[in-house]
Amino acid sequence: MSKFRKEGGKETPAISTASLPDIVFMLLFFFMVSTTMREVDLNVSVLVPEAKEIVKLEKKDLVSNIYVGVPMRKFQKTFGTEPKIQLNDQFATVDDIQSFIASEREARKEELRNKLTTSLKVDQYTKMGVIIDIKQELRKASALKLNYSTRQAAE
Amino acid sequence: MARKTPELNASSMADIAFLLLIFFLVSTTMDIDTGIYKKLPPIPEDETPENEPKVKQRNVLAILVNRNNELLVNGELLDISQLREKTKEFILNPKNDKNLPEKNVKTIPYFGDVMVSKGLVSLQNDRGTSYETYIRVQDELAAASRELKDEKAMLKWGKKFRDLNDDQQAAVKKYVPMQISEAEPKNVGGGR
């Protein structure tokens, strides 16, 4: 029996941590690939309403966002407390939407231009007046694919 | 021969990688955009209202929402929670009521000759209606449509609508048409 016993086999060897950086790098790359950076700073506060019959918005690069909501507190002195439209990084009016859509189309490849979806991120306490105006402008710009951004409501 | 280069100590590599990892964890968002998908009608090229097809009154479910977020459905004050049932009853018209939409026979793949409702939902908002109410109405209508489609799909295939293949989905869509027309905006309540 004692033939097979190793000398000093009782001590557990130290676990090698050499592969730890590899594991962490793997995690790092996963997060780098799977997440997207916030593209715009919101100047308006937006809490989208809840809904149950929702669909996922695929292809984020084919979506242009229009934000509508009450300006954040630091902008309220200059822009008031009425709901405002935000396009890209700045406040805008309804008349700017057509040129906004045109520039969004310009930024995409030619074959993808008619697949562009407009996502309306509108605060739930906004009145329909603004949205009706926006929809009319979108129709004029023939950006007919529309998505009303909503949260998933609890069942 | 050159001197042996001493081996590089790589034990701090993990720390650096962790630091980067934590930075990305904090600075990124993973939220997926979800929402209600709609297609806007194109602006008619010639503005002659005579071209519009006349629709009989019994075929229209007129939903009016006023600035106090109250619903008037075919002249009757209704709570938003009742809208789904009302819409389903309107489209199905189980007792062939004279005040509910007509049906006509259509040939649809998989189903054969079936009675298809001619119903049309017309939605009109005031400028003062809140966006939340508007979305809730849209949501209820979408839910009514989905429930009707699920019902038909269940009867025929024993599956839910979204589990069917594309051809079957198209057939069910023809069987249960859900047309929602949004009227041109008008200013009822006065306020913006």
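This is a predicted model: local features need pLDDT of at least 70, side-chain atom pairs count only at pLDDT 80 or more; totals for chains, interfaces and linings use all residues.
Okay, let's start with chain A. DSSP gives chain A four helices and nine strands. Reading from the N terminus, the order is α-β-β-β-β-α-β-β-α-β-α-β-β. Now look at the overall dimensions. The C-alpha trace spans about 90 × 40 × 35 Å along the principal axes of chain A. As for burial, 25% of the 155 residues of chain A count as buried.

What about the range of the contacts? If you take the contacts in chain A with a separation of 6 or more, 76% of them are between residues 24 or more positions apart.

There's one annotation to mention. UniProt, in an unreviewed entry, puts a "transmembrane region" at residues 12-33 of chain A. In the model, that span is 64% helix and 0% strand, and its end C-alpha atoms are 39 Å apart.

Next, the strands, and here I'd keep an eye on E4 of chain A, residues 63-71. Which strands pair with E4(A)? Among them is E1(A), residues 44-45, which runs antiparallel to E4(A) over two bridges. In that pairing Val44(A) sits opposite Pro71(A). E5(A) is also antiparallel to E4(A), this time over three bridges, and there Gly69(A) has Lys84(A) as its bridge partner. Then there's E7(A), which pairs with E4(A) in the parallel sense over six bridges. Find Tyr67(A) on your screen and you'll see Lys121(A) of E7(A) opposite.

Asn88(A) lies between strand E5 (84-87) and strand E6 (90-92) of chain A. Asn88(A) isn't a glycine, yet its phi is positive, about 50 degrees. Is Asn88(A) buried, exposed or partly exposed? It counts as partly exposed, because it has 16 C-beta neighbours inside 10 Å, and buried would take 20 or more.

On to chain B. Here we have four helices and eight strands, in the order α-β-β-β-β-α-β-β-β-α-α-β from the N terminus. Chain B has 192 residues, and 22% of them are buried. For contacts with a separation of 6 or more, the share from residues 24 or more positions apart is 64% in chain B.

Chain B has an asparagine with a positive phi as well: Asn69(B), near 60 degrees. You'll find Asn69(B) in the loop between strand E2 (60-65) and strand E3 (71-73) of chain B. With 17 other C-beta atoms within 10 Å, Asn69(B) is partly exposed.

Last part, the interface. How many residues does each chain bring to the contact? Chain A gives 44 residues and chain B gives 39. On the chain A side, the elements that give two or more residues are helix H1 (20-34), strand E3 (55-56), strand E7 (117-122), helix H4 (128-140) and strand E8 (145-149). Split by class, that side has 24 nonpolar, eleven polar and nine charged residues.

E3(A) pairs with strand E1 of chain B, residues 34-39, antiparallel and over two bridges.

Methods. Residues are numbered from 1 along each chain as its sequence is written. Chains are lettered from A and ligands numbered from 1 in the order in which they are written. A residue is buried if 20 or more other C-beta atoms lie within 10 Å of its own, exposed if 12 or fewer, and partly exposed in between; C-beta atoms are placed from the backbone. Two residues are in contact if their C-beta atoms, placed from the backbone, lie within 7 Å. UniProt positions are given in the numbering used here, feature names are shortened, and annotations may be inferred rather than shown by experiment. Ala, Val, Leu, Ile, Met, Phe, Trp, Tyr, Cys and Pro count as nonpolar, Asp, Glu, Lys and Arg as charged, and the others, Gly among them, as polar. Two strands pair if DSSP finds at least two bridges between them.
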